[in-house]
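These are my notebook entries on a single protein chain.

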Amino acid sequence: MSKFDERIKNDLAKRTDKDVSDLKDEIWNGINQELFERRRSKMKRKKRLAPAIMIAAAAIVLAFTFQTDSGLALIKNIKDMFAPEKEIIQSIEGQDEPTDVHLNEGKDSEYIIYIDESRYKMVKGSESDIITTIEPLPEKYPEVSMEIKQYPEVKPEELVKQIEAELKKDFPELRPVESVTEPVEGFWLHGLTESKWDGKVIDVNVISNGKEGSFVITKKYFLEAAEGHGARFWHMLESFEIVE
(Lines give C-alpha, C1' and ligand atoms only; values in the text may rest on other atoms or scores of the structure.)
Protein backbone atom coordinates (compact mmCIF):
# COMPACT_ATOMS: atom_id res chain seq x y z
CA MET A 1 0.00 0.00 0.00
CA SER A 2 1.43 3.39 -1.01
CA LYS A 3 1.61 6.33 1.40
CA PHE A 4 -1.14 8.01 -0.57
CA ASP A 5 -3.40 4.98 -0.26
CA GLU A 6 -2.55 4.65 3.42
CA ARG A 7 -3.31 8.33 4.00
CA ILE A 8 -6.72 8.00 2.35
CA LYS A 9 -7.46 4.95 4.47
CA ASN A 10 -6.45 6.72 7.69
CA ASP A 11 -8.46 9.83 6.85
CA LEU A 12 -11.37 7.62 6.05
CA ALA A 13 -11.15 5.86 9.36
CA LYS A 14 -11.02 9.14 11.27
CA ARG A 15 -14.04 10.52 9.50
CA THR A 16 -16.17 7.47 9.96
CA ASP A 17 -15.06 6.57 13.43
CA LYS A 18 -17.92 8.00 15.42
CA ASP A 19 -21.00 6.64 13.68
CA VAL A 20 -20.77 5.14 10.23
CA SER A 21 -24.47 4.37 9.86
CA ASP A 22 -25.62 7.93 10.44
CA LEU A 23 -23.11 9.27 7.94
CA LYS A 24 -23.91 6.90 5.11
CA ASP A 25 -26.69 8.87 3.38
CA GLU A 26 -25.02 12.22 3.94
CA ILE A 27 -21.71 11.07 2.49
CA TRP A 28 -23.32 9.36 -0.46
CA ASN A 29 -25.20 12.54 -1.37
CA GLY A 30 -22.00 14.55 -1.04
CA ILE A 31 -20.09 12.16 -3.26
CA ASN A 32 -22.77 12.15 -5.91
CA GLN A 33 -22.88 15.93 -5.94
CA GLU A 34 -19.14 16.56 -5.84
CA LEU A 35 -17.81 13.84 -8.09
CA PHE A 36 -20.38 12.76 -10.59
CA GLU A 37 -23.04 15.39 -11.20
CA ARG A 38 -20.47 18.15 -11.47
CA ARG A 39 -18.19 16.06 -13.67
CA ARG A 40 -21.06 15.56 -16.10
CA SER A 41 -21.46 19.32 -16.27
CA LYS A 42 -17.75 19.56 -17.18
CA MET A 43 -16.96 22.08 -14.47
CA LYS A 44 -13.35 22.37 -13.50
CA ARG A 45 -12.54 20.26 -10.47
CA LYS A 46 -9.16 21.70 -9.49
CA LYS A 47 -10.28 23.45 -6.33
CA ARG A 48 -12.59 20.62 -5.37
CA LEU A 49 -10.15 17.78 -5.54
CA ALA A 50 -8.78 18.05 -2.03
CA PRO A 51 -12.23 17.95 -0.37
CA ALA A 52 -13.21 15.35 -2.94
CA ILE A 53 -10.36 13.18 -1.72
CA MET A 54 -11.66 13.43 1.82
CA ILE A 55 -15.16 12.53 0.72
CA ALA A 56 -13.82 9.73 -1.42
CA ALA A 57 -11.84 8.41 1.53
CA ALA A 58 -14.98 8.26 3.62
CA ALA A 59 -16.77 6.52 0.78
CA ILE A 60 -14.12 3.83 0.58
CA VAL A 61 -14.53 3.02 4.25
CA LEU A 62 -18.26 2.80 3.81
CA ALA A 63 -17.79 0.56 0.82
CA PHE A 64 -15.54 -1.72 2.82
CA THR A 65 -18.07 -1.66 5.62
CA PHE A 66 -21.22 -2.37 3.65
CA GLN A 67 -19.86 -4.22 0.59
CA THR A 68 -22.87 -3.22 -1.51
CA ASP A 69 -23.07 -3.15 -5.31
CA SER A 70 -23.30 0.63 -5.25
CA GLY A 71 -20.25 0.72 -2.99
CA LEU A 72 -18.24 -1.38 -5.41
CA ALA A 73 -19.32 0.81 -8.34
CA LEU A 74 -18.37 3.87 -6.36
CA ILE A 75 -14.89 2.55 -5.69
CA LYS A 76 -14.36 2.00 -9.39
CA ASN A 77 -15.33 5.58 -10.20
CA ILE A 78 -13.04 6.93 -7.49
CA LYS A 79 -10.13 4.86 -8.73
CA ASP A 80 -10.73 6.26 -12.22
CA MET A 81 -10.17 9.76 -10.81
CA PHE A 82 -6.73 8.78 -9.60
CA ALA A 83 -5.67 6.50 -12.38
CA PRO A 84 -2.04 5.43 -11.93
CA GLU A 85 -1.43 6.44 -15.52
CA LYS A 86 -3.36 8.23 -18.24
CA GLU A 87 -2.88 9.98 -21.57
CA ILE A 88 -2.99 13.74 -21.89
CA ILE A 89 -2.74 15.99 -24.93
CA GLN A 90 -0.16 18.70 -24.44
CA SER A 91 0.91 21.49 -26.77
CA ILE A 92 4.65 21.28 -27.47
CA GLU A 93 6.18 23.74 -29.93
CA GLY A 94 2.77 24.46 -31.41
CA GLN A 95 1.84 20.82 -31.95
CA ASP A 96 -0.61 18.68 -29.96
CA GLU A 97 1.31 15.75 -28.49
CA PRO A 98 -0.36 12.72 -26.83
CA THR A 99 1.67 11.88 -23.75
CA ASP A 100 1.39 9.11 -21.15
CA VAL A 101 1.74 10.48 -17.61
CA HIS A 102 2.00 8.65 -14.28
CA LEU A 103 0.62 9.59 -10.88
CA ASN A 104 3.30 10.44 -8.30
CA GLU A 105 3.00 11.26 -4.61
CA GLY A 106 4.95 14.18 -3.24
CA LYS A 107 6.92 14.35 -0.01
CA ASP A 108 4.96 12.77 2.88
CA SER A 109 1.98 12.40 0.51
CA GLU A 110 1.34 16.15 0.77
CA TYR A 111 0.38 16.42 -2.88
CA ILE A 112 -0.02 14.47 -6.09
CA ILE A 113 1.21 15.25 -9.59
CA TYR A 114 1.25 13.43 -12.93
CA ILE A 115 4.72 13.09 -14.46
CA ASP A 116 5.84 12.24 -17.99
CA GLU A 117 8.08 9.38 -16.89
CA SER A 118 9.39 8.78 -20.39
CA ARG A 119 11.47 11.94 -19.95
CA TYR A 120 11.52 12.85 -16.26
CA LYS A 121 11.87 11.35 -12.82
CA MET A 122 11.00 12.58 -9.33
CA VAL A 123 13.85 12.68 -6.80
CA LYS A 124 12.52 12.92 -3.24
CA GLY A 125 14.62 14.83 -0.74
CA SER A 126 14.37 15.58 2.96
CA GLU A 127 12.98 19.09 2.38
CA SER A 128 11.70 19.08 -1.20
CA ASP A 129 11.09 16.99 -4.30
CA ILE A 130 12.80 17.62 -7.63
CA ILE A 131 11.52 16.56 -11.03
CA THR A 132 14.35 16.42 -13.56
CA THR A 133 15.46 14.65 -16.72
CA ILE A 134 15.94 10.90 -16.45
CA GLU A 135 19.47 11.18 -17.76
CA PRO A 136 21.66 14.18 -16.81
CA LEU A 137 22.05 16.72 -19.60
CA PRO A 138 25.52 17.39 -21.06
CA GLU A 139 27.51 20.03 -19.18
CA LYS A 140 26.94 22.73 -21.80
CA TYR A 141 23.25 22.91 -20.88
CA PRO A 142 21.98 24.88 -17.86
CA GLU A 143 20.01 23.05 -15.16
CA VAL A 144 16.58 21.67 -16.12
CA SER A 145 14.42 20.88 -13.10
CA MET A 146 11.19 21.58 -11.24
CA GLU A 147 11.44 21.71 -7.44
CA ILE A 148 8.37 21.46 -5.21
CA LYS A 149 8.78 22.59 -1.60
CA GLN A 150 6.32 23.36 1.16
CA TYR A 151 6.69 26.15 3.74
CA PRO A 152 4.03 25.15 6.30
CA GLU A 153 4.18 28.36 8.36
CA VAL A 154 4.77 31.13 5.81
CA LYS A 155 1.87 32.62 3.88
CA PRO A 156 2.23 33.20 0.12
CA GLU A 157 1.96 36.99 0.40
CA GLU A 158 4.92 37.08 2.76
CA LEU A 159 6.98 34.42 1.03
CA VAL A 160 6.72 35.88 -2.47
CA LYS A 161 8.37 39.12 -1.31
CA GLN A 162 11.33 37.20 0.08
CA ILE A 163 11.71 35.16 -3.09
CA GLU A 164 11.47 38.24 -5.31
CA ALA A 165 14.28 39.94 -3.38
CA GLU A 166 16.50 36.85 -3.62
CA LEU A 167 15.90 36.28 -7.33
CA LYS A 168 16.77 39.87 -8.24
CA LYS A 169 20.37 39.13 -7.29
CA ASP A 170 20.73 36.66 -10.21
CA PHE A 171 17.93 37.94 -12.44
CA PRO A 172 18.18 41.78 -12.46
CA GLU A 173 15.40 42.04 -15.04
CA LEU A 174 12.97 39.89 -13.10
CA ARG A 175 9.39 40.66 -14.11
CA PRO A 176 7.06 42.19 -11.53
CA VAL A 177 5.16 39.61 -9.51
CA GLU A 178 1.89 38.59 -11.14
CA SER A 179 -1.25 36.89 -9.81
CA VAL A 180 -2.15 33.94 -12.03
CA THR A 181 -4.75 31.19 -12.20
CA GLU A 182 -2.87 28.79 -14.49
CA PRO A 183 -1.26 26.32 -14.33
CA VAL A 184 -1.94 26.86 -10.60
CA GLU A 185 -3.57 29.73 -8.74
CA GLY A 186 -1.21 32.01 -6.88
CA PHE A 187 1.77 34.30 -7.49
CA TRP A 188 4.16 33.96 -10.44
CA LEU A 189 7.70 35.23 -10.91
CA HIS A 190 9.66 34.96 -14.15
CA GLY A 191 13.21 35.92 -15.03
CA LEU A 192 15.90 35.42 -17.70
CA THR A 193 19.63 35.97 -17.32
CA GLU A 194 20.33 36.90 -20.94
CA SER A 195 18.74 36.61 -24.39
CA LYS A 196 20.84 33.85 -25.92
CA TRP A 197 20.10 30.14 -26.44
CA ASP A 198 21.52 29.05 -23.08
CA GLY A 199 20.23 32.00 -21.09
CA LYS A 200 18.94 30.70 -17.74
CA VAL A 201 15.18 30.92 -17.20
CA ILE A 202 13.51 30.88 -13.78
CA ASP A 203 9.77 30.37 -13.24
CA VAL A 204 8.44 30.37 -9.69
CA ASN A 205 4.86 29.73 -8.57
CA VAL A 206 3.98 30.51 -4.96
CA ILE A 207 0.62 29.12 -3.88
CA SER A 208 -1.33 28.59 -0.69
CA ASN A 209 -1.14 25.16 0.93
CA GLY A 210 -4.77 25.60 1.97
CA LYS A 211 -3.80 26.38 5.56
CA GLU A 212 -1.31 28.91 6.96
CA GLY A 213 1.54 28.05 4.64
CA SER A 214 2.68 27.85 1.03
CA PHE A 215 3.99 25.64 -1.71
CA VAL A 216 6.80 26.99 -3.88
CA ILE A 217 7.31 25.40 -7.30
CA THR A 218 10.55 26.50 -8.96
CA LYS A 219 11.16 25.63 -12.61
CA LYS A 220 14.63 26.01 -14.11
CA TYR A 221 15.49 25.59 -17.80
CA PHE A 222 17.14 27.62 -20.58
CA LEU A 223 15.80 29.91 -23.27
CA GLU A 224 16.06 27.43 -26.15
CA ALA A 225 14.15 24.85 -24.07
CA ALA A 226 11.25 27.15 -23.21
CA GLU A 227 8.89 25.45 -25.68
CA GLY A 228 10.18 22.01 -24.77
CA HIS A 229 11.06 21.44 -21.11
CA GLY A 230 9.34 24.69 -20.10
CA ALA A 231 6.06 23.66 -21.76
CA ARG A 232 6.26 20.10 -20.38
CA PHE A 233 6.79 21.40 -16.82
CA TRP A 234 3.81 23.72 -17.29
CA HIS A 235 1.56 20.83 -18.32
CA MET A 236 2.76 18.63 -15.45
CA LEU A 237 2.12 21.42 -12.98
CA GLU A 238 -1.47 21.66 -14.25
CA SER A 239 -2.10 18.30 -12.57
CA PHE A 240 -0.69 19.41 -9.19
CA GLU A 241 -3.19 18.89 -6.38
CA ILE A 242 -2.75 19.35 -2.65
CA VAL A 243 -3.79 16.46 -0.41
CA GLU A 244 -5.02 17.89 2.87
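Entry 1. I began with strand β2 (residues 95–105) and strand β3 (residues 111–115), which run antiparallel and are joined by 4 bridges. Within this pair I found N104 opposite I113 of β3. I note that the model is a predicted one.

Entry 2. I then looked up the sheet to which these strands belong. It is an open sheet of 4 strands in the order β1-β2-β3-β11, and the pairing is antiparallel. The edge strands are β1 (85–92) and β11 (241–242), each of which pairs on one side only. I next asked which helix packs on this sheet. Helix α6 (residues 226–238) does so, touching β1, β2 and β3, and its direction makes about 135° with that of β1.

Entry 3. I turned to strand β6 (residues 145–151) and looked up its partners. Strand β5 (residues 128–133) pairs with β6 in the antiparallel sense over 5 bridges. In this pairing, S128 has K149 of β6 as its bridge partner. Strand β10 (residues 214–222) also runs antiparallel to β6, and 7 bridges join the two. Here I located M146 opposite K219 of β10.

Entry 4. The list includes I113, D129, I130 and I131. It also includes I217, T218 and K219, together with F233, M236 and L237.

Entry 5. Which residues touch the most other members of the largest nonpolar core? I recorded I113, I131, M146, I148, F215, F233 and F240, out of 22 residues in that core. The elements that give two or more residues to the core are β3, β4 (120–124), β6, β9 (200–208), β10 and α6. The largest share comes from β10, with 4 residues. Another core, of 13 residues, lies apart from this one, and I noted L159, I163, F171 and F187 among its members.

Entry 6. Of its 244 residues, 45% count as buried. The chain exposes about 14,000 Å², of which carbon and sulfur atoms supply 48%. Among contacts with a separation of 6 or more, 51% are between residues 24 or more positions apart.

Notes:
Residues are numbered from 1 along each chain as its sequence is written. This is a predicted model: local features need pLDDT of at least 70, side-chain atom pairs count only at pLDDT 80 or more; totals for chains, interfaces and linings use all residues. Side-chain values use heavy atoms; hydrogens and water are left out. Two strands pair if DSSP finds at least two bridges between them. Contact means heavy atoms within 4.5 Å. Axes are lines fitted to C-alpha atoms, for helices over the stretch in contact, and angles run from 0 to 180 degrees between N-to-C directions. A nonpolar core is a set of buried Ala, Val, Leu, Ile, Met, Phe, Trp, Tyr and Cys residues joined through side-chain atoms within 4.5 Å. Buried means under 20% relative accessible area, exposed over 50%, partly exposed in between (1.4 Å probe, protein chains only). Accessible areas come from the Shrake-Rupley method with a 1.4 Å probe; for residues, only the protein chains shown count as cover. Lists of a residue's contacts leave out its neighbours within four places in sequence.
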